[in-house]
Amino acid sequence: MARTDLPNVETRLYINGQWLDGSEGTKAVIDPATGKTLAKIQQGGKAEALKAVEAANAAFPKWTATPPDKRAALMNKVADLIDEEKDRLATIMTMEQGKPLKQALAEIQTNVENLRWNAAEGQRIYGDIIPAPPGYQWLAEKQAIGVVGAITPWNFPSNMIVRKIAPAIAAGCTVILKPSSETPLSALALMELFDKAGFPAGVVNVVLGKSKPIGEVLSTSDDVQKLTFTGSTEVGKLLNEQAATTLKKVSMELGGHAPFIIFPDADLEQAVESLIAAKFRNNGQVCTSPNRIFIHEEVKEKVSNMIVEQIKEVTVGNGLDDPTTGPLINKSGLEKVAEQIQDATDKGAKILFGGKQLTEGDYADGFFFEPTVIDGITTDMDIYYEETFGPVIPLISFTDEEEVIKAANDTPFGLASYFFSDNIHTINNVSKKLAYGMVGVNDVAISHSATPFGGVKHSGFGRENGAYGVEEYITVKFVTIKA
């Protein structure tokens, strides 16, 4: 049986190296598996956001002048502390977000890797010497862009934070973080470790509260030179419009609607196993989750049966009880899944497995939904064009390679895509023509500390991770020297 006690964790804002109460009361954090209140978190607003911007702006000159190896040493110290406290951090994450403890532990481990990778990369931010006429020296110098506003989502409440903070502070920037109100405890637990590691006051700050006033400060302040956001396309567009007033640098990792294509020459067992693993990671609440499953008609019946057989092995429960997948984040997430399935079945789709909310026994007070396979999906159904963010596998038949490429690209989103084939010509053709920022070929592992992560079209712009991620926090200065 799952534990019911939350590990000790801060509940206040962290600004300029101090833990502070907010001016906007408190907000309850709900366990999505039980419906119970885990903690009440201090809430700030515009005043606290402005105070954090002031602190980050004041800390920037000294932090950016700190030698890269000294910055790296502090980052590696945080990585050590995270590694030491990974069980506590993972438990906090599972209790506030719902994902299985094993997945939470894996997410915490990526934090360690990401901090260490960026700590090293921050020492390799090279400029250029440009060939110049006699008597001149031309230099392209790379410098930290300045104060960074970072807004993160609830589905990866720890790693999304580190993916933004790590490259920023490695480059010499200071940061104001606004985490999701659904999952603030993971952010606060991380800040405890940044504080414990001895980061100078103002280098990292956390402001908790309503998104609108805090987001408006971060996007419109002239003292914030960079805004990075992960979340919905709708909110991303609003923030981008607000940020345009100050012409700050912006990066956006927004919604996705990933196609997953299975060609007849693929290793079908590998394809199905990969689909199940990717779809039920975080219960489908992942922007890179496979959302439209295109299966060639030659193998459609066989693959459909394989999917149903494997989905029967997927277990659902409280994330602390070691299930395959946990609850959805909240009631609205649950309702969206149910509405999409109802719309599809009303228009002729057939449920092959699952399809209902789980409400009996231990499921009674949480936001649980059955793992679901639904067949006969057509373009007039909401699920064809709308991101589900839930445990649903919608099946679509195709006959022709160019036809399925066109269908896969028939969406305003362009984050992640996947296809399975053993034909080199298919691999070359499809990987080039899929209009996505990331393509997994016979693989669903598309996020690594060293590789660029991001999308195109309405899935946003800019990249996280790898050298490309660090460049998001850099500005280039040209220096000409006349002898």
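In sorting residues by class, Ala, Val, Leu, Ile, Met, Phe, Trp, Tyr, Cys and Pro count as nonpolar, Asp, Glu, Lys and Arg as charged, and the others, Gly among them, as polar. The model is predicted, so local features need pLDDT of at least 70 and side-chain atom pairs count only at pLDDT 80 or more, while totals for chains, interfaces and linings use all residues. Residues are numbered from 1 along each chain as its sequence is written, and side-chain values use heavy atoms, with hydrogens and water left out.

A pocket here is an open set of points on a 1 Å grid over the protein atoms alone, where a 1.4 Å probe fits, with protein on both sides within 12 Å along at least five of seven lines; its lining residues have an atom within 4 Å of a point. Grid points are joined across faces, edges and corners, and the volume is the space filled by probe spheres set on them.

The largest pocket holds about 1100 Å³ of space. Its lining has 40 residues, and W154, F229, G231, S232 and V235 come closest to the centre. By class, 14 of the lining residues are nonpolar, 18 polar and eight charged. Where does the largest pocket lie? Domain 1 (13-254 + 459-482) and domain 2 (258-441) both give residues to its lining, so the pocket lies between them; these bounds come from an automatic or database domain assignment.

The second largest pocket has a volume of about 640 Å³. Among the 30 residues lining it, T110, F156, N159, R281 and S447 are the closest to its centre. This lining comprises 13 nonpolar, twelve polar and five charged residues.
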